[in-house]
Amino acid sequence: MARIATLKPSTFHCFRLSSSSSSPSPSSLSFASTPLVLPIRVLTGTRRRPKFPKILAFTSNDIKVGTNIEVDGAPWKVIEFLHVKPGKGAAFVRTTLRNYVTGNTVEKTFRAGAKVEQADIFKETKQYTYKDGGQFVFMDLTNYEEFRLDESYVGDKAKWMKEGMDCNLLFWNGKVIGFEVPMNVKLTVVDVDPSAKGDSAQGSVLCGSKPATLETGAVVNVPLFIERDEVITVDTETGQYLSRG
């Protein structure tokens, strides 16, 4: 006897088909009294992340300005590099590296094609909230976790920082190894020589400049038309005045 199953929403019903008949007729069909229920496998748990092909090993040939590498167990940033192919001997890569932790700069040469360990450095935006003694306190606004950096570690960048400013913290091996202030910041002028006045109608730096003290204590040269309590934009890399507001 051959069996044919017909699917209904929740169960299977079986009927018998006579082997002597080429096609079933209503009278030759006999349904089984007991429904046939097939087990359904339910998948539970978290979805597995797809596996990606393994990235080829990083070598000295891949070095560029800004590359982060590990040398002698410390994180370094490539400041300069030069691929050299001498007439005799093997090619090599000459680099200038800056240590993320100490700030020291060294020159190091790598054989061309030599395997180099990349430093797993990543950035996270944190808000500078306040200064506690000799420490600058940053906060993650998603979970309110605090991160503290010593005053000596922050260094000259402190003159551009004010409470509530977003900064980028650099992490390596679970610890903070550096931070970045925004490239441009808006700060209020709190003190300026009132006797040095220029032509506000021209509004040009070429008319002359004067020193102005900002709310963070930084002193920058501003155009003569800038007055006290005005907000200006400053380039934190160069320390130069950019514009009003």
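Student: How many contacts beyond four places in sequence does the model have for residues 4-23, where pLDDT stays under 50?

Tutor: There are 36 of them, a contact being a pair of heavy atoms within 4.5 Å. pLDDT is the predictor's confidence in each residue, on a scale from 0 to 100.

Student: What are the ground rules here?

Tutor: The model is predicted: local features need pLDDT of at least 70 and side-chain atom pairs count only at 80 or more, while totals for chains, interfaces and linings use all residues. Residues are numbered from 1 along each chain as its sequence is written, and side-chain values use heavy atoms, without hydrogens or water.

Student: Which strands have the lowest and the highest mean pLDDT among the elements?

Tutor: Strand β2 (residues 12-17) is lowest at 45, and strand β17 (residues 231-235) is highest at 96. For the protein, the mean is 79, with 72% of residues at 70 or more. The fold has one helix and 18 strands, taken as DSSP runs numbered from the N terminus (H or I, at least four residues, for helices; E, at least two, for strands).

Student: Why does T96 count as buried?

Tutor: Its relative accessibility is 13%, and buried means under 20% with a 1.4 Å probe and protein chains only (exposed is over 50%, partly exposed in between). T96 therefore falls on the buried side. This residue of strand β6 is in contact with K77, V78, I79, E80, T105, V106 and E107, leaving aside neighbours within four places in sequence.

Student: And what makes Y144 exposed?

Tutor: Y144 has 60% relative accessibility, so it counts as exposed. It sits in the loop between β10 and β11 and has a positive phi of about 65° although it is not a glycine. N173, in the loop between β12 and β13, is exposed too, at 58%, and its phi is about 55°.

Student: What makes a set of residues a nonpolar core?

Tutor: The members are buried Ala, Val, Leu, Ile, Met, Phe, Trp, Tyr or Cys residues, joined through side-chain atoms within 4.5 Å. The largest such core here has 28 residues, and F138, W160, M161, F179, L214 and I232 touch the most other members. Among the elements giving it two or more residues are β10, β15 and β17. Apart from it lies another core of ten residues, including V71 and W76.

Student: How do you know which residues line the largest pocket?

Tutor: On a 1 Å grid over the protein atoms alone, a pocket is an open set of points where a 1.4 Å probe fits, with protein on both sides within 12 Å along at least five of seven lines; lining residues have an atom within 4 Å of a point. By that test 30 residues line it, with R98, K157, L170, F179 and E180 nearest its centre. β13 gives the largest share, four residues. The volume is about 900 Å³, counted as the space filled by probe spheres on grid points joined across faces, edges and corners.
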